[in-house]
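I opened the notebook to record what I looked up in this structure, one entry per topic.

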Amino acid sequence: MKIIEANAFIKNLRLKKPYTIARQQIEDVENVFLEIKLENGITGIGAANPEFEVVGESPADTLINLEKEILPWLTGKDIRSFNTLIDTVDTMLPHKPGTLACTDIALHDAFGKFIDMPVTDFYGRHYSALPTSVTIGILDIQQTLEEAAAFKTLGFRILKLKTGLNPDEDAEKVIKLRETFGDYFIIRVDANTGYTLKQLERFMHLTSSKPVELIEQPLPPGSDEALETLSPSARQMLAADESLKDNTSAFKLCQSGRYGIYNIKLMKCGGIRGAFKIAAVAEPASAELFWGCNDESIVSITAALHAAFSCKRTRYIDLDGSFDLAEDIVEGGFLVKDGMMSLSGGAGLGIKRSC
């Protein structure tokens with residue numbers, strides 16, 4: 001079954017409201033989309049939103065790569081060889097995870113629809129539903145409590161608190177959340193590389209009586225060797241994000257023992273196949289898998305959820321990236337009820353164009 005048409009475009013998706021992390025304020029986000037059409041009329045959709053600061057590729061770069069290299073080459077290829085096609089794209093454009101992810105997701109969606117099977121069932125489903133965290137950006141204490149209260153009314157039970165500017169203020173927010181809501185919320189924090197080792201140690205000390213579930217990427221990549229001075233129990237609750245890009249970096253992290261949790265993002269590793277490569281490295285190292293995202297379309301969020309449900313070492317998901325969008329080009333993909341995410345059903349990724 002041949003691919004008869006391929007089209008790529010970029011769309012700036014508005015956020016419902018801006019938020020702040022340690023590095024910047026976010027108001028809107030560019031997503032690149034790839035649509036491929038099979039000769040029987042089936043359409044597969046892929047999406048990408050790579051962060052240049054993390055992987056060295058921007059959405060604009062992804063679009064150029066797709067238009068100049070991938071679209072002409074992809075037309076006429078057989079969807080039944082989708083795995084080989086993904087491997088070839090990786091060879092054609094190495095170290096371009098946004099381009100690879102966009103292509104990988106579109107091919108998975110089209111192939112799943114072609115065989116009339118959800119992607120996660122093709123690989124083997126280990127989970128049917130998991131609770132996701134929802135993110136609170138860097139706000140003052142009162143605003144943080146108000147955001148948490150709003151999430152509670154929606155049924156969410158896990159908060160991910162953006163931190164990394166001041167460990168004392170960060171710890172105070174955690175303590176106030178505990179005082180206000182008791183044990184209702186599980187609390188995770190994401191320092192976005194904003195701490196030094198001493199600041200991390202101070203934050204962990206200040207919150208020792210009100211512990212958080214995990215701490216995501218506290219130190220910048222290249223500085224996280226210092227984490228090896230922490231106790232094994234402390235390192236076990238640390239999640240690698242910016243330091244973890246692909247299976248090669250995963251292997252190095254396994255050897256170092258700096259992190260007990262690996263945050264897999266399709267935009268860092270090049271899609272579903274790249275995610276499975278990291279998962280394969282993590283399993284013998286007994287590392288737990290944490291599936292994260294950027295502010296992304298339902299397309300790539302759903303792809304990450306399919307991958308997460310297919311990996312038995314999945315323990316955490318933070319796939320709220322499309323919740324923040326005021327617009328998207330697709331519908332379907334997944335359902336959210338009381339903070340639990342499940343797939344909506346349907347072949348491929350279970351998504352369809354809405355505009």
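**Entry 1: α10 and α12**

The model is a predicted one. I looked up helix α10, residues 247–256, and helix α12, residues 272–282, and found their axes 9 Å apart at an angle of about 15°. Angles under 35 degrees count as roughly parallel, and α10 and α12 are therefore roughly parallel to each other. I noted a right-handed crossing where α10 passes α12. On the α10 side, N247, A250, F251 and C254 make the contact, and on the α12 side K277, I278, V281 and A282 do. Sorted by class, the contact of α10 with α12 has six nonpolar residues, one polar and one charged.

I then asked how many residues of α12 are buried. The count is nine of eleven, so I wrote down that α12 is mostly covered, with buried meaning under 20% relative accessible area. The buried residues of α12 are I272, R273, G274, A275, F276, I278, A279, V281 and A282. Of the residues that α12 brings to α10, I278, V281 and A282 are on this buried list.

**Entry 2: α2 with α3**

Next I took helix α2, residues 59–74, and its packing on α3. Their axes come within 12 Å and cross at roughly 150°. Since angles over 145 degrees count as roughly antiparallel, that makes α2 roughly antiparallel to α3. The crossing of α2 past α3 is right-handed. I listed E69, I70, W73 and L74 from α2, and L85, T88, V89 and M92 from α3, as the residues in contact. By class, I wrote six nonpolar, one polar and one charged for the contact of α2 with α3.

**Entry 3: α2 with α4**

I stayed with α2 and turned to α4. The axes of α2 and α4 come within 9 Å and cross at roughly 45°. That makes α2 oblique to α4. Here, too, I recorded a right-handed crossing, with α2 passing α4. Which residues meet? From α2 they are T62, N65, L66, I70 and L74, and from α4 they are G98, T99, C102, T103 and L107. The classes in the contact of α2 with α4 are five nonpolar, five polar and no charged residues. I marked I70 and L74 in my list, as they touch α3 and also α4.

**Entry 4: the nonpolar cores**

I looked up the largest nonpolar core, which has 111 residues. Which of its members touch the most other members? They are I36, Y262 and W291. Helix α13, residues 298–309, gives the most to this core, with nine residues.

Leaving aside neighbours within four places in sequence, Y262 is in contact with A240, L244, A250, L253, C254, I278, A282, A287, E288, L289 and F290. Among these partners, A250 and C254 from α10, with I278 and A282 from α12, also belong to the contact of those two helices. Another core, of five residues, lies apart from the largest one; A239, I261, F290 and Y316 are among its members.

**Entry 5: T314**

T314 is in strand β12, residues 314–317. Is T314 buried or exposed? T314 is buried, as its relative accessible area is 1%. Beyond neighbours within four places in sequence, T314 is in contact with Y127, L130, L289, W291 and A308. One of these, W291, I had already written down for the largest core. I also looked up S256, which is 58 residues from T314 in sequence and 21 Å from T314 in space, C-alpha to C-alpha.

I ended with residues in loops. H95 lies in the loop between α3 (82–92) and α4 (97–115). Phi of H95 is near 60°, a positive value in a residue other than glycine. H95 has a relative accessible area of 69%, and is therefore exposed, since exposed means over 50%.

D116 is in the loop between α4 and α5 (119–123). D116 is not a glycine, yet has a positive phi of about 60°. The relative accessible area of D116 is 64%, which means D116 is exposed.

S209 sits in the loop between α8 (197–206) and β8 (215–216). S209 counts as exposed because its relative accessibility is 60%.

Note on methods:
Residues are numbered from 1 along each chain as its sequence is written. This is a predicted model: local features need pLDDT of at least 70, side-chain atom pairs count only at pLDDT 80 or more; totals for chains, interfaces and linings use all residues. Side-chain values use heavy atoms; hydrogens and water are left out. Axes are lines fitted to C-alpha atoms, for helices over the stretch in contact, and angles run from 0 to 180 degrees between N-to-C directions. Helices (H or I, at least four residues) and strands (E, at least two) are DSSP runs, numbered from the N terminus. Angles under 35 degrees count as roughly parallel, over 145 as roughly antiparallel, 65 to 115 as roughly perpendicular and the rest as oblique. A crossing is left-handed if the near helix is turned anticlockwise from the far one by less than a right angle, and right-handed if clockwise. Contact means heavy atoms within 4.5 Å. Ala, Val, Leu, Ile, Met, Phe, Trp, Tyr, Cys and Pro count as nonpolar, Asp, Glu, Lys and Arg as charged, and the others, Gly among them, as polar. Buried means under 20% relative accessible area, exposed over 50%, partly exposed in between (1.4 Å probe, protein chains only). A nonpolar core is a set of buried Ala, Val, Leu, Ile, Met, Phe, Trp, Tyr and Cys residues joined through side-chain atoms within 4.5 Å.
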